[in-house]
Each structure stands twice: as C-alpha cells, then as structure tokens.
Amino acid sequence: MMEIKKVAVLGAGLMGNGIAHVCAQAGYQVKMRDIDQKFIDKGMATIKKNLERGIAKGKITQEEVVAILGRIQGVLDLKKAVDDADLVIEAVPEIVSLKLEIWKEVDALAPKHAILASNTSSISITQMAAVTERPDKFIGMHFFNPVPVMNLVEIIKGQATEDDTVKIIEDVSKKIGKVTVLVNEAPGFAVNRLLVPALLEAVFAIQEGVATVEDMDKAIQLGLNWPMGPLTLLDFVGLDTALHISDYFVEEFKDSKYRAPTLLRKMVRAGWLGRKSSMGFYDYSGETPKPNRF
Ligand code: CAA
C-alpha cells in the first residue's frame, strides 16, 4: 500500500485549518493553501490557539506545539501546494462549479500517484472525480467540526473509487485518530442526510413561533441529550453551509421536503452566517451569546 507522507489541504477556513491541524499532529508534512494571505494567517492563528488549549491541560507540551506548527506551511500558489503531495484534501466552499474548477487544475498539477479527497459535506464525489483523469484515486473524506475534537470521518466511495484508495484513506484517518464509516455516495452521505433536515425543521419551528430560540435549543439539548441545541449547532456549522446543502438536496432528490425555510435564506442574504460572522440565531458580539428574536 502506498505510504502517504505529504498532504496538501486546500482551504484554510473552518474545516481546512482543522484538517491541517490533525494531519500535522499525526506527523504528516502539510501545505495549507488558500487564495489570500489573510485567510492563511487566520487559519494558522486558529490552529495555534486550538493546539495551545492543550498546554494548560498538560495534554501537549510547548515543544510539541512548535513542532506541529513547523510541519504546516501556508501556501498561496496552487502548483506549489500540490506538486509534491501524496494526498490532496480539498475544503473549499460548497459551490459545485468552484470545486469542479479546482479539481481540474489540481489533477493537472499533482503527481500521478496522489490521492484526491474532497471534504465536501454533500456534493457528488463521482461528479468531481469525473473532471479528473484519475477517478479511481478520487474519494470523499468528510470531517466534522471542530475537526480536532470530532471522532468521525465519513469515507465516501464514488462510482469509480478503487478499493485500494479506500484502504489508504482508512489508514490515514486511523493515523490521525479518527474512526471511519464507509458510505456509498448519495446526497448528504450518512450524517447530513439526517442532520440537515433536523436543523431545517428547527428553523421552521422558530419561523412558526413554536418556541423561542433559547427554548428550542434547551428542549433538544436536554430532551435528546445533544451536546448543543439545533440553532446553536446551525450557528456553529454556518447558516450558508446549511442552506447550500438544503438547496443541493432539493435539486438532487427533486423533493420539496428538503426545502429551506424562508427565514434561513433571509438570514444568509443579510450576512447572518452564525458564529463566523458574529450573528446568527444568537448575537456573538458581546461577552456571552444573546438569542435573537424572530
Ligand atoms: N478546536 C479544538 N478543540 C476544541 C474546539 C475547537 N474548535 N472546541 C472545543 N474543543 C475542545 C476543548 O478544548 C475541550 O477539550 P478537553 O476535553 O481536552 O478539555 C473539548 O473540546 C470540549 O470543549 P468544551 O468543554 O469547551 O465545550 P463542550 O464540552 O461544550 O464541547 C463541542 C464543545 C465539542 C463543540 C460540543 O459542543 C459538541 O460536540 N457539539 C456538537 C458538534 C457537532 O455536532 N459537530 C458536527 C457538526 S456537522 C459537521 O461538521 C458536518 C457538516 O457537514 C455540516
């Protein structure tokens, strides 16, 4: 089985920096690529902050943090990011045209042996694989937020993904401390197939005035023992991401049961994307999150 040593992560955002973090922590050499230096700087700062959480708790030493950070190189140029990679993990925004364009470029620049993995949360692996010359080496590797904490990686097999590719990615996932499930491609795979309709339903309930934001969250958190309520989780995942997935489900399944509530679309249009924009179902601009009224 091919040994993975060098990993290129495309995107330094919420998911990209988490993926770069866990790969570097497992000993891989990582290049983290984004299109603007400010995104790279922000991603690196987040990784540093998240690694340093462990120092006070005695889980990691300052020296280890320095060594892990030393294995991550921020890169702007796509060619430089992928031309010596054994594995490319893509975590760019969930826009089909953007993903297809990037994969075409990466396929031309990355070594022929390199495995191409998308961290998409819903888009077709087969569709992305088809724009490359190596659909057998193309796979879905879906992480969960916050990447350093969440134990699961969903591995998604596209139409042409080879079993060897699956084995290599199972092995990499294990090395970075994750548990895997193997999913055959379908919109939303396994986790989002269930999660997204549940989160959308919570927004419909708010839109209909069923309960306040804090009561809806409290009900689900305490009634179902979720670590956070659905509206807090939506703010955490990003309202734009949830909306993209909802629109994608409607298009793929041709079933209106996956439609997004008007309220969600309106909030995204207003730039209320959740935690990352400091405004969503809660207002994060103060000391503690304050629920909004709708
Ligand atoms: N990065 C690194 N570590 C983090 C972190 C982050 N962003 N956030 C929290 N942690 C660590 C903390 O340091 C702490 O570590 P220790 O156990 O070593 O002390 C641990 O996680 C727990 O954190 P806290 O005590 O601060 O807070 P908590 O107990 O409330 O847990 C949480 C926070 C892990 C985020 C928890 O609320 C949770 O599991 N929430 C649900 C998350 C979830 O559902 N994620 C999936 C979203 S869906 C998705 O990502 C996929 C998609 O396609 C949409």
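How many residues of domain 1 are in contact with how many residues of domain 2? The points below take up this matter after a word on the model.

1. Basis. This is a predicted model, in which local features need pLDDT of at least 70 and side-chain atom pairs count only at pLDDT 80 or more, while totals for chains, interfaces and linings use all residues. Residues are numbered from 1 along each chain as its sequence is written, and side-chain values use heavy atoms, with hydrogens and water left out.

2. Domains. The domain assignment, which is of an automatic or database kind, gives domain 1 as 6–184 and domain 2 as 191–291. Their centres, taken over C-alpha atoms, are separated by 26 Å. In answer to the opening question, 15 residues of domain 1 are in contact with nine residues of domain 2, contact being heavy atoms within 4.5 Å. Between them the two domains bury about 880 Å², with 61% of it on carbon and sulfur atoms; buried area is the accessible area (1.4 Å probe) that two parts lose on being put together, summed over both.

3. The sheet. Eight strands form an open sheet in the order E3-E2-E1-E4-E5-E6-E7-E8, with mixed pairing, where strands (E, at least two residues) and helices (H or I, at least four) are DSSP runs numbered from the N terminus, and two strands pair if DSSP finds at least two bridges between them. Strand E3 (72–75) and strand E8 (179–184) are the edge strands, each pairing on one side only.

4. Strand E7 and its approach. Strand E7 (residues 152–157) pairs with E8 in the parallel sense over six bridges, and Val153 stands opposite Thr180 in E8. In the loop between strand E6 (138–142) and E7 lies Pro146, and the peptide bond from Asn145 to Pro146 is cis, with omega near 0°.

5. Helices H9 and H10. Helix H9 (residues 213–224) packs against helix H10 (residues 230–237) at an angle of about 100°, with their axes 7 Å apart; axes are lines fitted to C-alpha atoms, for helices over the stretch in contact, and angles run from 0 to 180 degrees between N-to-C directions. The two helices are therefore roughly perpendicular to each other, a term used for 65 to 115 degrees. Val213, Met216, Asp217 and Ile220 in H9 meet Pro230, Leu231 and Thr232 in H10. The loop between H9 and H10 holds Asn225, whose phi is near 60°, a positive value in a residue other than glycine.

Conventions
Angles under 35 degrees count as roughly parallel, over 145 as roughly antiparallel, 65 to 115 as roughly perpendicular and the rest as oblique.
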